[in-house]
Amino acid sequence: MTKRIFKNTMLIVVLVVILCGVFILGVVYDYYNKELSEGMMSEAKYISKGVEAEGIDYLENLGKTDARVTWVDVDGTVLFDNQADITTMDNHKDREEIKEALTSSAGSSTRYSNTISAKTIYHAVRLSDGTVIRLAHIQASVLRIVLGVLHPMVVIIVFALVLSAFLTARLTRQIIEPLESIDLEHPEEAKVYDEMSPFIRKIIKQNEQIKEAMEEQKSQRKEFELITENMQEGFIVVDKEARILSYNSSVLKLFDMDMDVSGKNVLTLNRTEEFSQGIIDALKGSHNEQILQVGDRFYSIYINPVITEEKVAGAIIIVTDVTETEEREKLRREFTANVSHELKTPLTSISGTAEIIKNGIVATEDIPKFAGNIYSEAQRLVSLVEDIIKLSQLDEEKNIPSKEPVDLYHMSLEVAEQLRKVAVKKNVTIEVEGKSTVVDGVRPVITEMIYNLCDNAVKYNKETGSVIIKVGENQNGKIVSVKDNGIGIPKDQQDRIFERFYRVDKSHSKEIGGTGLGLSIVKHGAKLHNATIDMDSELGKGTQISVKFPC
Amino acid sequence: MKRGLIERLDALNVEIIKMGALCEKAIEGTTKALFDGDDTYIKRCRIMEEDIDKCEYDIESMCMSLILRHQPVASDLRIITSALKMISDMERIGDQCADISSMIRYTKEHDMRDYQHLETMSKAAIKMVNHAVESYVRKDMGLARSVVEMDDIVDRQFDEAKKNLINLIAREPDNGEFWIDVIMIAKYYERIADHAVNIAEWVQYSITGEHK
């Protein structure tokens, strides 16, 4: 801007000076011409008077004069010329000014004289004797005058330029400086001239509006961040190039990232084909959801396209950790499969036996044996269903009797007594050691737990084996442990035996009996009492399972 | 012009991630099929190998056009040159997975889980490919270095497997052909691990500008 102001001012100065010069020159030139011809006229008259009085002598003694004086006779012959040789001069009768003077006593003309090759002004006066005195004056041409004034004019122009440059510089500084001094953050502090105050006021007003809008944006953003940051679910917004625009910290946790991923492609988080296909689909405009396995965890992923003005502008991805749900679902599926299998086996046996009896194939004396078969299978079904009911009660923690003081030692003795008969049949001894130890617990549940542990210890024992129930307490809690020297449990299956229907040796399950739910009930019972279970088992040597109740 | 370059580099990055993911999928799938004795996988692995080859071709032409059109310098050029090197290693991983899968038809009669060394090697190789691709995705120097270190495990396992197989051949010479298949599979895994190391080294190069 400064440059433009400067350039324009300079241009104006030069133009003004030149225009002035031309105009003045015109005026001065006109005036000079007029003066010249008037002067010549009077000079001609003066000379004519002299010639009338003294004749040619006057002319010869005229002395020095600027003008060329010519005396022409009536017939046009040149009688005298003070600057040219009269013998070489031709007849002047045809000359305009002389013709004019001959007819009307005076005449004048301006022309280019061949003789002296310059523009000449002529003035002629007729004398009383009819001859003509002519004065010729070489007129200085405009160019000569211009050349004459050029020098002072250049000086003036230079002077004017320097002066205006100085003034312009000052002026522009005065205009620009206040503009530059405006701090857009604090326009009210700027010292400006009056013409600019409306502008400043506008800036101040707009600043306020911007500030308000920004505050609003900030608070909205903060709100949004608060919501997304406190979400357990991962939340990602991507643009239409699948670059991450925004995400919450849960995303980094879920995808195990420890760096800033904003601006990066969403494939940085997960690069499986399913996920990238999901993103591509969403960016084409279709909503989709999927279960994604990341390491050993399962994530449910919802990908929604963001549509503005009928165009996909990006996508929102929500990631939920569904590992537990997925695992529970898996357990439930397994349980259903197992329970139907366990229920079907005795039922098939019952219905088969009953069918044989119905068809009358069985001899009458054999019927009690078959009926006994049906009875024992039905008993198995009943105990299975009872176990399932117990387990589901423990699962739901409903319909459970209230807690009361239970003597573990006393209870162990009772259980040992109950199992004595089975144990003797298998030639296994049962011993109870320790002293009276009271815990606060649910009596039927604890009975069930100890019974199941001992039942297993007897069932999975060898001939002439032993079962020892130890009851005691230490500073950590009250312990019931059941130890046998039976077949033991393989190392790799030890953490699975508490699962429902899990059996180490699938082929012998029927021979040994049991529902496959015993240890599961122990596990849930322990959970109900906040008790912990420890297992120490070696294949072929025996097993010790202890339940520790907290103090 | 500059903006175009950045966008194209982003696109290149995405393509490399996709190709890396394909490699991971290939080696995981191949290993699973090998140990499950699933020979229907051979066909799927062939398709995957073709996909990987196509990826390599696409990325190569992307790199070429980037170099020609934008004359990249400094780190941009480093990203492109390391990409060119990485994809050839990835392509080799794809090939070797296909080679392993084509051997499943000879090995499916046997339970491959009996060969402890092979299982350890395959697990280590999968982990190395995972980490190499992951280190590229995250531009993580530490992860890239861990891949280089892991290579020792695979090399040691390969030596052990070799010794073990010599004994087995001596004991059961009738099964000779099968033992050779096993040692070849082991060698393939060892090669895959080497390629993973190469990828990790190129990742380091693209970050630091130094290549060992």
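Predicted model: local features only at pLDDT ≥ 70, side-chain atom pairs only at ≥ 80, totals over all residues.
1. **Chain B at a glance.** Chain B has seven helices and zero strands. Along the sequence the pattern reads α-α-α-α-α-α-α. The chain has 212 residues, and 40% of them count as buried. Take the contacts in chain B between residues at least 6 apart in sequence: 84% join residues at least 24 apart.

2. **Helices α6 and α7 of chain B.** Helix α6(B) covers residues 141–171, and helix α7(B) covers residues 176–208. They pack at an angle of about 165 degrees, and their axes are 9 Å apart. An angle over 145 degrees counts as roughly antiparallel, so α6(B) and α7(B) are roughly antiparallel to each other. Their crossing is left-handed. Sorted by class, the residues of this contact are 21 nonpolar, two polar and six charged.

3. **Helices α5 and α7 of chain B.** Helix α7(B) also packs with α5(B), here at an angle of about 20 degrees. The axes of α5(B) and α7(B) are 9 Å apart. An angle under 35 degrees counts as roughly parallel, so α5(B) and α7(B) are roughly parallel to each other. The crossing of α5(B) and α7(B) is left-handed. On the α5(B) side, the contact includes L118(B), M121(B), M128(B) and Y136(B). On the α7(B) side, it includes V182(B), I185(B), Y189(B) and V203(B). By class, the contact of α5(B) with α7(B) holds 18 nonpolar and two polar residues, with no charged residues.

4. **Where the chains touch.** How many residues does each chain bring to the contact? Chain B brings ten residues and chain A brings eight residues. On the side of chain B that touches chain A, the elements giving two or more residues are α1 (2–36) and α5 (116–138) of chain B. The most comes from α1(B), with eight residues. The residues on this side of chain B divide into four nonpolar, two polar and four charged.

5. **An antiparallel sheet in chain A.** Five strands of chain A form an open sheet in the order β7-β6-β10-β9-β8, with antiparallel pairing. Its edge strands are β7 and β8 (288–294) of chain A, and each pairs on one side only. From one strand to the next, the twist averages 25 degrees. Helix α7(A), residues 273–283, packs on this sheet and touches β8, β9 and β10 of chain A. The direction of α7(A) makes about 20 degrees with that of β9(A).

6. **Pairing within that sheet.** Strand β9(A), residues 297–308, runs antiparallel to β10(A), and ten bridges join them. I307(A) stands opposite V312(A) in β10(A). Strand β6(A), residues 234–239, pairs with β10(A), residues 311–321, in the antiparallel sense over six bridges. Here V238(A) stands opposite A315(A). Strand β6(A) also pairs with β7(A), residues 244–247, over three bridges, again antiparallel. In β7(A), Y247(A) stands opposite I236(A).

7. **A closer look at β6(A).** Which residues of β6(A) lie on its covered face? They are G234(A), I236(A) and V238(A). The uncovered face carries F235(A), V237(A) and D239(A). Strands β6(A) and β7(A) form a hairpin with four residues between them. In that turn, A242(A) has a positive phi of about 65 degrees.

8. **A mixed sheet in chain A.** Another open sheet of five strands in chain A has the order β12-β14-β15-β17-β16, and its pairing is mixed. At the edges stand β12 (429–434) and β16 (532–538) of chain A. Each has a single partner strand, so one side of each is left without a neighbour in the sheet. The twist averages 15 degrees from one strand to the next. Strands β14(A), residues 466–474, and β15(A), residues 477–484, pair in the antiparallel sense over eight bridges. N474(A) has G477(A) in β15(A) as its bridge partner.

9. Helix α10(A), residues 408–425, lies across β12, β14 and β15 of chain A. It runs at about 175 degrees to β12(A). Helix α11(A), residues 443–459, lies across β14, β15 and β17 (542–550) of chain A. Helix α11(A) runs at about 20 degrees to β15(A).

Definitions and conventions: Residues numbered from 1 in each chain as written. Chains lettered and ligands numbered in written order. Contact = placed C-beta atoms within 7 Å. Nonpolar A, V, L, I, M, F, W, Y, C, P; charged D, E, K, R; others polar. Buried ≥ 20, exposed ≤ 12 C-beta atoms within 10 Å, placed from the backbone. Pairing = 2+ DSSP bridges. Axes fitted to C-alpha atoms, helices over the stretch in contact; angles between N-to-C directions. Parallel < 35°, antiparallel > 145°, perpendicular 65-115°, else oblique. Left-handed = near helix turned anticlockwise from the far one by under 90°.
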